[in-house]
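Hi,

Here's the structure I promised to pass on. Have a look at it first, and my notes on the charged side chains follow below.

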Amino acid sequence: MKTVNAEQAAESIFELLKANPWLNTPGVITKNDYHAKDEAILFLQRMAIHGANGFGDTSEPAQRVASGFLLDFMGKLMQPEHPLNKKTWLVDDSKPMADQVLQIIAAELVENHHQPQAMH
């Protein structure tokens with residue numbers, strides 16, 4: 001096990017997005033997409049547990065919300081004034097980096113899934 005800080009987590013999300021460009025291709029979130037927030041969270045949780053090489057049968061609005069969440073999360077990690085910037089996560093360092101960052105994403109989803117502002 002190892003501790004990952006916000007900078008390392010942001011770098012890992014960036015690497016995850018580079019390695020999986022499909023995660024960052026669905027387009028811009030619209031105000032009508034937020035109805036798909038729960039589906040997006042389920043997709044990200046499944047991805048964290050089982051991995052994924054595509055969105056599968058996830059709806060397009062949920063794809064946009066999931067992609068937006070990853071970009072938003074990465075941005076918050078890099079903002080010195082944001083509370084996430086001071087946070088650390090314990091991850092399994094025997095796993096590949098992509099799995100480690102998915103552990104962080106899963107932990108944040110579990111902690112914040114009931115808070116709509118977590119998706120803004």
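Predicted model: local features only at pLDDT ≥ 70, side-chain atom pairs only at ≥ 80, totals over all residues.

Let me start with a local one. Lysine 18 pairs with glutamate 15, and their closest N and O atoms sit 3.5 Å apart. Both belong to helix 1 (residues 6–19), and because they are three residues apart there, about one helical turn separates them. Glutamate 15 is partly exposed, at 42% relative accessible area.

The next pair reaches across the chain. Arginine 64 and aspartate 33 form a salt bridge at 2.6 Å, N to O. Arginine 64 is in helix 3 (residues 60–78), while aspartate 33 is in the loop between helix 1 and helix 2 (37–50), so this bridge links distant parts of the chain, 31 residues apart. Both ends are buried: arginine 64 has a relative accessible area of 14%, and aspartate 33 has 2%. These two are also part of a salt-bridge network with Glu60.

Then there's glutamate 111 with lysine 87, at 3.0 Å from N to O. Glutamate 111 lies in helix 4 (residues 97–112) and lysine 87 in the loop between helix 3 and strand 2 (88–91), so their bridge ties together parts 24 residues apart in sequence. Here both partners are partly exposed, with glutamate 111 at 45% and lysine 87 at 22% relative accessibility.

Cheers

Notes: Residues numbered from 1 in each chain as written. Heavy atoms only, no water. Salt bridge = Lys/Arg side-chain N within 4 Å of Asp/Glu carboxyl O. Helix = DSSP H or I, 4+ residues; strand = E, 2+ residues; numbered from the N terminus. Buried < 20%, exposed > 50% of the residue type's maximum accessible area, 1.4 Å probe, protein only.
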